[in-house]
Amino acid sequence: MQIAVNKTNTFHEDLKTVTINIAKRVENKQSNQQLLNQFIFFDSRITNLYIVKADGTIQNTTSQYGQDQFIIELAKQTERLKSYEVLVSGLHLDPSSRHEVITMIVPIKNKRTLLAVNFRLDQFQNEIIQDFMNQNYRVAVFDSSGNPVIWPFEKVKANVFDPQQETFYYDNKRYTIVASDAGDSLWRLYFFFETNNFELYRAITVLLLVFALYICLYELLVEFWGVNTAKTYFENIDFAIFNQIHEGVIIANNSGRIIFANEAAHHMFADRKNTLRNIKLKELFGNTDDFQRENEGSTTLTLKFRDKLLKAIHSPIIKNNKILGSLTVIRTDVKEDNIYHQILDKLIDALPQGIIFVNKDHEISLANLMAKCYLKNLIPGTSIEVIDRKLAAFIYNNIDSRATKRLELSGGLTCEVTPVYDDDGIYTGTLVVIQNDIIPTGSSLK
């Protein structure tokens with residue numbers, strides 16, 4: 001929650017800083033059309049600028065429509081503003097660019113005019129959606145006038161949303177609402193938390209699994225009820241909650257016989273056994289009885305299948321120096337995946353086209369050898385703005401295009417730009433493929 005609030009606050013403060021910096025540059029120069037046209041490129045989020053009097057008369061503007069009634073009315077609300085004090089408008093539509101924007105308006109020192117700047121919100125909206133959209137929680141942002149800047153459900157639901165309500169129902173799910181102000185921005189954030197959070201149960205279960213077995217369940221069932229045999233201790237515990245996790249979980253008694261296996265474990269061994277109940281561990285893992293008696297610590301096993309490897313962590317459960325049984329957690333071995341990634345990296349480096357991947361934070365995540373021959377500074381973590389401003393602007397403008405588009409860069413380079421999305425349709429980055437129509441200057445490639 002605090003990260004979302006800080007991100008919203010930073011966004012507003014950044015726009016205020018940009019507005020004040022432009023006002024200071026305008027202060028000592030004649031406010032003319034040519035000057036405004038220069039500042040339209042000062043920040044990629046700027047859609048239009050206005051020089052306007054306090055009575056609403058627009059002297060100069062970059063808008064093709066000239067007059068803008070919203071700016072005229074906003075200027076009349078600035079009587080008490082001091083020099084470089086910024087007034088922030090609510091959400092509205094820029095008539096020229098057709099983008100949803102907010103307007104920052106500030107008095108220009110030593111002049112009887114005001115500077116109004118329209119800023120587009122799509123970049124901020126995309127970042128919030130990408131960073132804070134989750135199956136278990138969602139984030140909504142409203143401006144000071146109650147207009148939805150970001151709404152994570154159907155738009156029609158925003159019209160009937162009451163800021164005072166504490167619960168919200170959508171798609172047969174119940175959400176608990178927590179509201180928070182975004183500092184001086186006058187924007188308000190609403191966090192929708194799904195009431196039934198099974199992923200949270202999964203995380204807690206994995207972290208506290210051994211602790212729960214050793215302390216909570218033992219103290220409650222064994223000591224309080226007077227149960228004193230390991231077999232009865234295990235048979236009276238309901239482990240159904242472990243069916244909510246993806247790792248295989250197998251619990252055996254002190255004779256090595258399985259008394260519980262979750263659904264994931266049954267699925268892993270479906271080709272070998274129809275059921276894992278009441279069979280010996282050694283039928284699955286080999287002779288585990290020996291190391292169960294000899295080792296008090298955990299042991300890592302690698303289970304070999306025809307088409308995959310499984311990694312198992314096997315640990316005896318001990319109380320008062322007595323082995324009550326064992327706990328085994330099984331997961332898919334990830335080493336194979338690492339090998340595939342290494343092979344893929346080699347293949348990408350061998351391609352004759354330049355390959356660049358720009359992540360959702362607009363930074364270089366990957367660049368092959370050919371791409372580095374075409375463009376400079378392709379270091380992972382470098383902003384795409386530093387590499388090529390024209391390419392950066394093209395990527396920003398086509399995040400939601402869902403199509404491959406061509407772009408001609410300086411020096412005769414031609415590239416294909418393709419936005420990439422995950423399984424949920426959320427933007428994860430952009431793939432840039434530079435065609436090998438020309439040979440990079442100074443390159444020894446043939």
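**Salt bridges and a helix pair**

1. The whole structure contains 10 salt bridges according to a search. The model is a predicted one.

2. Lysine 7 and aspartate 131 form a salt bridge through their side chains, at 3.6 Å from N to O. Because lysine 7 belongs to helix 1 and aspartate 131 to helix 4, the pair ties together parts that are 124 residues apart in sequence. Lysine 7 is partly exposed, with a relative accessible area of 28%.

3. Helix 1 (residues 2-27) packs with helix 4 (residues 122-132) at an angle of about 170 degrees, and their axes are 11 Å apart. The two helices are therefore roughly antiparallel, since an angle over 145 degrees counts as such. Residues in contact include Ile3 and Phe11 of helix 1, and Phe124 and Ile128 of helix 4. By class, this contact has 6 nonpolar, 1 polar and 3 charged residues.

4. Aspartate 131 also has a salt bridge with lysine 360, at 3.4 Å from N to O. Lysine 360 lies in the loop between strand 17 (354-359) and strand 18 (364-367), so this pair ties helix 4 to a part 229 residues apart in sequence. Lysine 360 counts as partly exposed, at 28% relative accessibility.

5. Glutamate 283 and lysine 273 form a further salt bridge, with their closest N and O atoms 2.9 Å apart. Glutamate 283 is in helix 9 (residues 282-285), while lysine 273 is in the loop between helix 8 (263-268) and helix 9.

6. Through shared partners, salt bridges join Lys7, Asp131 and Lys360 into one network.

Terms used: Residues are numbered from 1 along each chain as its sequence is written. This is a predicted model: local features need pLDDT of at least 70, side-chain atom pairs count only at pLDDT 80 or more; totals for chains, interfaces and linings use all residues. Side-chain values use heavy atoms; hydrogens and water are left out. Axes are lines fitted to C-alpha atoms, for helices over the stretch in contact, and angles run from 0 to 180 degrees between N-to-C directions. Helices (H or I, at least four residues) and strands (E, at least two) are DSSP runs, numbered from the N terminus. Angles under 35 degrees count as roughly parallel, over 145 as roughly antiparallel, 65 to 115 as roughly perpendicular and the rest as oblique. Contact means heavy atoms within 4.5 Å. Ala, Val, Leu, Ile, Met, Phe, Trp, Tyr, Cys and Pro count as nonpolar, Asp, Glu, Lys and Arg as charged, and the others, Gly among them, as polar. A salt bridge is a side-chain nitrogen of Lys or Arg within 4 Å of a carboxyl oxygen of Asp or Glu. Buried means under 20% relative accessible area, exposed over 50%, partly exposed in between (1.4 Å probe, protein chains only).
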